[in-house]
Amino acid sequence: MSADDPNTIEHHARHEDALGRRKANEDEIDLRELISVLWLRKWFIAGVTAVFAVVSVLVAFWLPSQYTATIVVAPVSSSNLNSIASQLGGLAALAGISLGNGQEDESQTAMQSMQSWDFIDKFIKDNKLQVDVFAVDGWDRETNTLEIDSSLYDVKQKKWVRTPPRGKTIEPTSWELFHEFSKHLDVSQDKKTGLISVSIEYYSPLVAKQWVDMYVAAINEHMRQRKLDESSKNIEYLQDQINKTSIAQMQEVLYQLMENEIKNKMVAAASPQYEFATVSEAMVPEERSAPKRILIIVFSTLFGFMLAAAWVLVRNSFSIPRDA
């Protein structure tokens, strides 16, 4: 019988149709069986789900509220001085110094600096924030006081009492303080506008606002002092080179370079907001930003339901013998 014979084709079609119906029936039976198994253990599943729901509610409302204060800043434009530096850059290279590139974006350097370990460590130590960063675990709204974990720090004796991890000291290390502070800090830049948002999330909305203001002021001061030190070193170097040369043309070039450095130094000395100018002041937040209690409850309850259902199905698959 030829494969192209109409009877053969019809036979194959009927066979494939029968297989398809059989597979559909088996799938339907399997689905019904699964639903039947889940329905038989519905009270167990409901109980586990309820336990997860209750625990998630307790956990969600046990977690302390945190508030986020955000300040928006813009990189300060110093196009005039950058233009001068760009024009004299070749002469400066001949003199053996660097005035910087007019295209250089120091705001990126500042953004990296404000998230660096050394800068955060200095900020914490300069403002004596070790206890507030590491030992605080809540805020009392009525008394406006921070709640300190007594297992970490003894307020009355003003000393650390924690049991340190292996290799650590009883006082938090620089790395531990940096790690904890980084959890509260967020720095981001809008690629379209170039504006930079600096946010601090903390238990007290007042402290969050205070810290973010202090933080931006600190990075401005850090970058300002960096420029002052750089310009002072360049001026000292240029003065030394002027004293060493007797060529009038070379001296003229060096004086132009020194004039540019003096301008840079004057701008830095007279600019408290040297690197970042405030666009939008930080406000004391009135609504908490964390924890997301509804999400915690919903996802925990859903996880409890799925876990209970999966356990019932797995247990059923091992307890009921299957025909070969």
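**Rings, burial and confidence**

Author: Gladly! Let's start with a cluster: Phe119, Phe123, Phe181, Tyr202, Tyr203, Trp211 and Tyr215 are joined into one by ring pairs. Please keep in mind that this is a predicted model. Across the whole structure, a search gives 15 aromatic pairs.

Reader: Why is the pair of Phe52 and Phe303 called edge-to-face?

Author: Their ring centres are 5.8 Å apart and their planes stand at 65 degrees.

Reader: Are Phe52 and Phe303 buried, exposed or partly exposed, and how do you know?

Author: Buried means under 20% relative accessible area and exposed means over 50%. Phe52 has 26%, so it counts as partly exposed. Phe303 has 49%, so it is partly exposed too.

Reader: What makes Trp117 and Trp175 an aromatic pair, and of which kind?

Author: Their centres lie 5.0 Å apart, which is within the 6.5 Å limit, and the 65 degrees between the planes is over 60, so this pair is edge-to-face. Trp117 belongs to helix α5 and Trp175 to helix α7, so the pair ties together parts 58 residues apart in sequence. Trp117 has a relative accessibility of 40%, so it falls between the two cut-offs and is partly exposed. Trp175, with 40%, is partly exposed as well.

Reader: How do you know that Lys42 lies over the face of Trp39?

Author: Lys42 is 4.4 Å from the ring centre, and the distance cut-off is 6 Å. Arg41 likewise lies over the face of Phe44, at 5.1 Å from the ring centre.

Reader: Which residues of helix α4 are buried, and what puts them on the same side?

Author: The buried ones are Glu106, Ser107, Ala110, Met111, Ser113 and Met114. They cover an arc of only 165 degrees around the axis, which puts them on the same side of α4. Their cover includes β1, α5, β6, β7, α8 and β8.

Reader: Last one: how confident is the predictor in this chain?

Author: The average pLDDT is 82, and 80% of the residues score at least 70. Over residues 78–92, however, pLDDT stays under 50, and the model has 20 contacts beyond four places in sequence for them. Residues 99–104 are also below 50, with 10 contacts beyond near neighbours in sequence.

Conventions
Residues numbered from 1 in each chain as written. Predicted model: local features only at pLDDT ≥ 70, side-chain atom pairs only at ≥ 80, totals over all residues. Heavy atoms only, no water. pLDDT = per-residue confidence, 0-100. Contact = heavy atoms within 4.5 Å. Buried < 20%, exposed > 50% of the residue type's maximum accessible area, 1.4 Å probe, protein only. Helix = DSSP H or I, 4+ residues; strand = E, 2+ residues; numbered from the N terminus. Arc of directions from axis to C-beta. Phe/Tyr/Trp six-rings, centres within 6.5 Å; stacked < 30°, edge-to-face > 60°. Lys NZ or Arg CZ within 6 Å of the ring centre and 35° of its normal.
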